[in-house]
Structure formats: structure tokens, C-alpha cells
Amino acid sequence: MSDATMTDAARASLPAPAPVWYPLVELARVTASAPLPVPVSLDGVPWAIVILDGKAAALYDVCPHRRVPLSAGRVTEGPGGDVLECGYHGWSYDRQGACARIPALGEGVVPRGMGSVAVLRTDVFAGVVWGTRSDVADFSPVADNVIALKEQPLQLSVARIDEVLGGEVDEYDTVRRGVDTHGRFSYAVRPIDAARSALFPLATADALADELSAWITRLSLLSESFPDTPLSASTERSRDAR
Ligand code: FES
């Protein structure tokens, strides 16, 4: 990973490289959007989520050329595989964040180290693309039989969600677990910024109907506690720190 092209402010606001997986976005949203990226914010830092060479990838959503969002570009075929091509002047980046093409210089001409962007290490669990900055997060944040329900963008901090739902974070600061009148439950949260979050309710496949019903009740509890909490995905992008 190269952070060389990021501003100090962006670099400082990145999550610490602890063995933490963050749920970024439902894989189905990324595949439906392809070849266009899905922009998400993680702790105020923008990322462009794409499918490159058949696998999810997360690239820092700022083109190092003129600092415009890479999420305004599209996935195209590069010299060595898929790349995310900037929509402005065509600089293109592979899944490691390395610049693979600068059209103005001609095909195959990229000065060494020029224009790379930071990336998150990504993987897919429970139908969700997760991201981490850690090289040692070699564990699955959820069990094989766990399914993520629909992502819920909320005008609430992670702390407020935990406060209302009563979830306690696991040892890896990744999945929250709690017990209420409906039984045991778990969820993961992506902090969009200090005041907003994307909640990913989790359920087990063999009790899906019951857990879905329980989550509907929990989400209404959040709405009652904090009216006007729902947040549309498009609103998330317009308020991202860029
Ligand atoms: S701004 Fe991205 S290639 Fe110029």
C-alpha cells in the first residue's frame, strides 16, 4: 500500500492499521454498479469500491493527478488486467493502487512510482465487501453461516448505535454482539464520519426469518430513539470529506 499521494489530513484520519475489518458495502451494489465504482466513506476518508479482475477492490478516491474523485471514472481493461480509469485524463490504477496507464505519455509509459494511490486490503464475507489496512487481519469477521441484511445508513455515530442496541464489540473491534428480548444478535458498523454510520445487521442463515423480524423491531427502536435517522446512500457521497 502506498499512502504517498494522500494529504496529511486524509492519512491522519485513516483507521489505525489494527487487525480490524470494516464492512464497506454490499457486494451486490458493487456488481450492479460495475463498471462504475461505488463511493463510500470510512471515517471521513473516501474510497472507490470496484470489481477488478473479478475481485472487489478499494482505492483511495482521489486521483493524484488533479485530485478529483476516482469514483467518477470507470473500470476498463489495462495493460496487465482491469484498472480503474480516472474520468478526467484517463490515468488508470490497478488493484494494488499502482498507476498502470497515463494516456498522455503513451501506452506502457509510466514513470516509476508515479501516481499511485492507497488501497485497502479487501475480502468478501456474508455478501459484504470488507476492508482493512492490516496485513495481519487473516481471520473472517463472521462465521460461514452468517448473512448480512440490507445496509442501513444512519445519521448516528457508532457509539450512539451501540448505546441504543446494546451491542458490545468483539476482541477485534469488528463485530458487535448483544442480547435482547429477541435473543442474541450481531451487527457490524462502518463509521461514515464522526456523526454518521452504515449499519450492517447480521443474521444466521438457519434462523433468517426470525432474525429478520427481530431486526425490523430493533431498527424501529433506533428510529424512535433518533427520529430522522435514515440516510440515503446518495446523501453519504455528497457529504464525504474530499
Ligand atoms: S484528474 Fe485524474 S487523470 Fe487527470
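Me: How far is the sulfur of C99 from the closest cysteine sulfur, and which residue holds that sulfur?

Reply: A disulfide is a pair of cysteine sulfur atoms within 2.5 Å. In this predicted model, the closest cysteine sulfur to that of C99 belongs to C63 and lies 7.9 Å away, which is too far for a bond. A search of the whole structure finds 0 disulfides.

Me: Is C99 buried or exposed, and what is the relative accessible area of C86?

Reply: Buried means under 20% relative accessible area, exposed over 50%, and partly exposed in between, with a 1.4 Å probe and protein chains only. C99 is buried at 11%, and C86 is buried at 4%.

Me: In what order do the strands of the open sheet stand?

Reply: Strands (E, at least two residues) are DSSP runs numbered from the N terminus, and two of them pair if DSSP finds at least two bridges between them. Here 4 strands form an open sheet, in the order β5-β6-β7-β8, with antiparallel pairing. Its edge strands, β5 (74–78) and β8 (99–101), each pair on one side only. Between β6 (residues 81–85) and β7 (residues 92–93), which run antiparallel, there are 2 bridges, and L84 has Y93 in β7 as its bridge partner.

Me: What is the mean pLDDT of the protein chain?

Reply: The pLDDT is the predictor's confidence in each residue, from 0 to 100; its mean over the protein chain is 86, and 86% of the residues reach 70 or more. Over residues 1–5 the pLDDT is below 50.

Me: Which conventions apply to the numbering and the values?

Reply: Residues are numbered from 1 along each chain as its sequence is written, and side-chain values use heavy atoms, leaving out hydrogens and water. As this is a predicted model, local features need pLDDT of at least 70 and side-chain atom pairs count only at pLDDT 80 or more, whereas totals for chains, interfaces and linings use all residues.

Notes: Contact means heavy atoms within 4.5 Å.
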